[in-house]
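Please open the model in your viewer and keep the selection tool at hand.

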Amino acid sequence: MGDNQKLVTIYIDGVAYDVPAGTNLVDVAKFYADNDIPVFCYHPKMEPVGMCRMCLVEMGMVKKNRETGEIERDADGNPQIQWFPKLQTACTQLVSDGLAIRTETPVVTEAREDIVEFILTSHPLDCPICDKGGECPLQNLTMRHGPGQSVFHYEDKLKLDKHVPLGELIYLDRERCIQCARCVRYCDEYVGDDVLAFHERGRSLQIVTISDPAFDSKFSGNTTDICPVGALTTADFRFGARPWELDEVPSLDPYGPEGANISLSTRLDRDSGGGKIIKRVMPRQNEQVNEIWISDKTRFGHHHSRAAERLTTPMIRKGTKWAEATWDEALDLIASKLQEAASVGAIAGPDQSNEDLWELRQLVTAKGEGKLGLWPALMSGGDIVRQVGAAKGTNIGSMGKGDTIVVVASDLEEEAPIWWLRVKSAGDRGANIVVLNARPTKLSHVHLGSHKERQATNIIYPYGEAVGAVNDLAKNAAIKEANNLLVFCGAEGLNLDQHAVLMQACANLLIGSKHVGRPNNGLIPIWPGANIQGAIDLGYTAEATLEIFKQAPDVLFIAGCNPMGEVVEAAALEQAPFIVVTEQFSTTTSHKAHVILPRQSFAERDGAFTNGERRVQRFYTAQGVVGQSLPEWKMFGELRARLGQGHVKLSAGAVMAEITKQVPAYAGMSYKNLAHVERQFPDVGGRDQYYGGTAYQNKGGLGVQWSVEAENSDAQLTETKVKAEKSKHKGLLVVPTTLLFDQGTLFRHSELMHHRIPQPHVLISEEDAAKEGIVAGMLLKMTVLGVVHEVQAVVSNQVPAGAILFPRRLSELAGPLAPTPVESIEKVPQAVIEG
């Protein structure tokens, strides 16, 4: 609930409450009066529709003297109420001064009993085997408001299909569905995906998928969370466990820069040797980060943590063969090489925790200036973020009319789906959305507003000319007149040097328009991983990675990433005399190593990530350790101890305590502070399934955001002019792009998601396809940087002429790091793939 909203007085069951004007009656009754007006169709994240009628109440208005405007009172001094003649739906009512309701009268009680009885006429009595059993609002409201008996005949019960796939991920039990339309409304109104609809009418009304492929949305799993009954279930949890058997462990999304809060539902599992394993992933409420939503990649991408292919013991290469080793043997060998080395370097992966990064930094820089690279090495500008990053207190969920959000050089839904969802919702509330890219993206096309009456402002520029487009944006009225301005900056179509210039151009836009240093204003980089911001905070850069490519150090640590398997340029790393790889799985990069150390997954250890909004957040140990794997901070600490650099820390918390003392921005970021929680709106999860969702209350911490220089009133921020270059490229340019669902080292082990991962392909414009004689579905051999890729051709009018879009990480072959001219394209004879 907002802090600065005008307050009005309303009366709930005769008691006066001061509440924010214009808020939903159901919400204020819950939040301020602890009065649970029963609901099925209403959800505070969506527009009310009053479909289920469960929230009926007696409603009236305080009588006021027409001449004086004073409240008329009875003999006891209580306000006199003019009651409406019929019951009203509470969920469709916004509060205003003098509103009064009665929620416990006989007529209200009878109405609730009637609604529950009607809903149950064809609802199955299968609670003992229902996945929702134990956390089901229908169960709770039936016990609280049901009549206990029914006048309907059992013979009139409808028998419907109970295992209807709405796609490969979500299943529908039509008997359990109460037609509240939450799932349909969520997809259509909130996400903007027209994928579900009602079919038939009356008692035959049912949910169907209307997209091809079926239920084609990156947020489909969220519908199972907001379903108030057990009608929608996920393919990987259906009949997998009972809710009361599960332990909920707070954690974080290991994939994206948004830092989505999640809850890992764990249980001791017989089939896994009696150890604790993850049975499902659920959203954990954090209204400033992901609210109560997660993407399907986050929800279904956890299976790598228990995959059979996990590395379980240290390995040492002896000649051309690998031999298992003890930890002492592996660490002693590495320590001896470090003692002999004149130079040491590291490339840290995107899901290294802050604790891992700190211990690795201490190890690498012990002899002086060791190079600290990060992966993927796509983006620059950490110094700019420290100046004009989004200010503390920024919350996209509070942005709306009068505000502007700019997205530059990014396909936001693919690169950061939760940010895409929150930006789209801000647009629905009235914010101006401005999209700058060399091609249209989904954010360019999606309809905004409660009536889908608007779209984003779409500015197209040639690849390589993003800086000029941002410079020109300073003249845009939406920028000049904006109350608040957020700029999201990606790197599509740019090399590292170009991205550094683009970040400065975005900073100039913010500084010149005076949109820095206050909440909901500033720059948010769309980093390509969960903890890239944390790595930058601790001294790692993409520039250092490219330097390592040019001159490999004597000892090179490659921690939790696979650069040699992803980009051709990383092949130069093979020249390093001694390579140490920490990894969960065997990869192209680990094959080139001299020592492989098995690392733990995010679910087996404690740690902290820093998201793209600079919010440092904790995650917790959820399941048992696989094999002899260790967290990286402990591996590196053991090596430091062998080299006489101090003792091994006892816990990840002890490492973070050292970071708070050594890194000024992280002062006060102790685990205790990161674990701080406070009440949020709406109240969801835990034992209270009031809103009918199974997102979980945040008991693990809301995190702490560090401040940028612009928040200091004495800060002297000046624009650094940057030159807008014109694209000089001739011929076809291969532009690497990012897809949410790919063949990345971790995600590929979620077999359930394989149908969502496309085959290797390229997108080419209709104009270029006609020139090259290429038709849709044709199999091509495309040579880039000497590597021949077999890809399917997708001909699209959304691709600019002169560009070939080449999604990353869809095959075992390495692609280009940055936009690169195509060397050749050959058509494979008589090979055309349908679809």
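How do the residues of the lining of the second largest pocket divide into nonpolar, polar and charged? They divide into 14 nonpolar, 13 polar and 13 charged, where Ala, Val, Leu, Ile, Met, Phe, Trp, Tyr, Cys and Pro count as nonpolar, Asp, Glu, Lys and Arg as charged, and the others, Gly among them, as polar.

Before you select anything, note that this is a predicted model, in which local features need pLDDT of at least 70 and side-chain atom pairs count only at pLDDT 80 or more, while totals for chains, interfaces and linings use all residues. Residues are numbered from 1 along each chain as its sequence is written, and side-chain values use heavy atoms, with hydrogens and water left out.

**First stop: the second largest pocket**

This pocket has a volume of about 1200 Å³, a volume being the space filled by probe spheres set on grid points that are joined across faces, edges and corners. On a 1 Å grid over the protein atoms alone, a pocket is an open set of points with protein on both sides within 12 Å along at least five of seven lines, a cavity is a set where a 1.4 Å probe fits but cannot get out, and lining residues have an atom within 4 Å of a point. Select Lys218, Glu414, Leu739, Pro758 and His761, which are the closest to the pocket's centre of the 40 residues that line it. Then colour strand S33 (787-796), one of the elements that give two or more residues to this lining; S33 gives the most, with three residues. Helices and strands here are DSSP runs numbered from the N terminus, with helices (H or I) of at least four residues and strands (E) of at least two.

**Second stop: the cavities**

There are five cavities of 30 Å³ or more, and the largest cavity holds about 200 Å³ of space. Select Thr224, Leu232, Thr234, Phe237 and Arg280, which lie nearest its centre among the 20 residues of its lining. Helix H5 (222-226), strand S11 (232-234), strand S14 (276-283) and helix H6 (296-300) each give two or more residues to that lining, which has six nonpolar, six polar and eight charged residues.

Next comes the second largest cavity, with a volume of about 90 Å³. Its lining has 15 residues, and Cys177, Cys180, Cys183, Cys227 and Leu232 are the closest to its centre. By class, this lining has twelve nonpolar, two polar and one charged residues.

Show helix H8 (residues 354-364) with helix H20 (residues 632-642), whose axes come within 8 Å and cross at roughly 20°; axes are lines fitted to C-alpha atoms, for helices over the stretch in contact, and angles run from 0 to 180 degrees between N-to-C directions. H8 and H20 are therefore roughly parallel to each other, since angles under 35 degrees count as roughly parallel, over 145 as roughly antiparallel, 65 to 115 as roughly perpendicular and the rest as oblique.
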